[in-house]
Amino acid sequence: MSTGTVLDGIIAGVRADMAARMARTAPSRLEAAIERLGPTIDPRPRLRSAGSVRVIAEVKRSSPSKGALAEIPDPAVQARAYERGGAGAVSVLTERRRFGGSLEDLVAVRAGVSVPVLRKDFVVDPYQVLEARAAGADLVLLIVAALDDADLRVLYDRAAGLGLLPLVEVHTADEARRAVDLGAELIGVNNRDLKTLDVDLGRFEQLVGLVPDTAIKVCESGIATVDDVVRVRDAGADTVLVGEMLVRSGDPAAAVHAMMAATSAAGSREMGNPNE
């Protein structure tokens with residue numbers, strides 16, 4: 001149940017790429033690999049705001065709206081910088097066609113850091129959930145706009161059954177209500193319009209009140225400065241998910257640290273933009 005031609009096009013490519021992977025690797029092989037893994041890392045304590053905003057820092061090479069962002073020849077190096085800066089989790093784009101990512105990136109990041117890792121992709125099939133767990137993910141993204149209620153429930157339950165915490169992403173009030181009805185513990189408001197790709201931080205401010213305090217509230221997209229982080233933290237964000245700002249930063253560890261410091265009880269808003 002996708003919305004808008006941009007999302008439709010991305011998902012069509014995702015399904016084609018998934019079909020090719022399924023032809024190479026049967027679900028039973030992924031299940032066997034999962035049985036050999038240890039438990040996932042619980043992201044909840046690392047993403048619940050406690051005095052300062054938490055950061056999910058993203059390994060992101062490109063995007064449909066901005067094109068190429070950064071080369072990132074070694075995603076594990078980038079992820080380790082995020083971890084040094086205090087990131088609560090690392091997000092890895094694994095969509096190939098529009099974002100230049102891969103499951104191999106996820107495997108490399110998992111091996112390189114000790115914090116939870118999110119598979120950020122357009123998950124529309126239980127096979128992708130198996131892939132995420134087998135590659136070492138602790139979280140998986142579920143986009144409400146891309147799924148009807150039945151598929152959303154199946155994917156949510158499948159992820160939870162494998163020890164993965166779903167980040168349930170919403171863009172509208174109706175989607176927020178669907179995420180709450182699902183019982184999602186981690187709800188992200190994406191500030192990007194799926195039809196136009198325009199970004200407005202006001203979207204988070206408008207929708208965050210629909211998310212109960214029992215859920216961890218994540219602000220996604222549009223964070224360009226530390227002042228933006230302060231703004232959404234003041235609106236109720238527990239966590240921010242940031243990609244472009246960090247991959248374009250000359251010092252990603254310092255950039256992550258600045259976000260957290262600016263929103264801590266002892267932090268100062270005078271820190272400004274670390275990219276300036």
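Author: A residue counts as buried when its relative accessible area is under 20%. Keep that cut-off in mind, and note that this is a predicted model.

Reader: How many residues of strand 7 are buried?

Author: Strand 7 covers residues 165–170, and six of its six residues are buried, which leaves the strand mostly covered.

Reader: Which residues of strand 7 point one way, and which the other way?

Author: L165, L167 and E169 point one way, while P166, V168 and V170 point the other way. Residues on both sides are buried.

Reader: In what sense do strand 6 and strand 7 pair?

Author: The sense is parallel, with five bridges between strand 7 and strand 6, the latter being residues 139–143.

Reader: Which strand do three bridges join to strand 7?

Author: That is strand 8, residues 186–190, and it runs parallel to strand 7. Here E169 has G188 of strand 8 as its bridge partner. Strand 7 and strand 8, together with helix 8 (residues 173–182), form a right-handed β-α-β unit.

Reader: Why is strand 6 described as largely enclosed?

Author: Because five of its five residues are buried, strand 6 is largely enclosed by the rest of the structure. L139, L141 and I143 point one way from strand 6, and V140 and L142 point the other way.

Reader: Which strand do two bridges join to strand 6?

Author: Strand 5, residues 117–120, which runs parallel to strand 6. L118 is the residue opposite L139 of strand 6. A right-handed β-α-β unit is made by strand 5, helix 6 and strand 6.

Reader: Where does helix 6 meet helix 1, and at what angle do their axes cross?

Author: The axes of helix 1 (residues 5–24) and helix 6 (residues 126–134) come within 11 Å and cross at roughly 65 degrees. The crossing is left-handed. On helix 1 the contact uses V14, M18, R21 and M22; on helix 6 it uses Y127, Q128 and E131. Sorted by class, these are four nonpolar, one polar and two charged residues.

Reader: Is D105 buried or exposed?

Author: D105 belongs to helix 5, residues 103–112. Its relative accessible area is 8%, so D105 is buried. Setting aside neighbours within four places in sequence, D105 is in contact with R61, P75, V92, L93 and G100.

Definitions and conventions: Residues are numbered from 1 along each chain as its sequence is written. This is a predicted model: local features need pLDDT of at least 70, side-chain atom pairs count only at pLDDT 80 or more; totals for chains, interfaces and linings use all residues. Side-chain values use heavy atoms; hydrogens and water are left out. Axes are lines fitted to C-alpha atoms, for helices over the stretch in contact, and angles run from 0 to 180 degrees between N-to-C directions. Helices (H or I, at least four residues) and strands (E, at least two) are DSSP runs, numbered from the N terminus. A crossing is left-handed if the near helix is turned anticlockwise from the far one by less than a right angle, and right-handed if clockwise. Contact means heavy atoms within 4.5 Å. Ala, Val, Leu, Ile, Met, Phe, Trp, Tyr, Cys and Pro count as nonpolar, Asp, Glu, Lys and Arg as charged, and the others, Gly among them, as polar. Buried means under 20% relative accessible area, exposed over 50%, partly exposed in between (1.4 Å probe, protein chains only). Two strands pair if DSSP finds at least two bridges between them. A crossover is right-handed if, with the strands pointing away from the viewer, the path from the first strand over the helix to the second runs clockwise.
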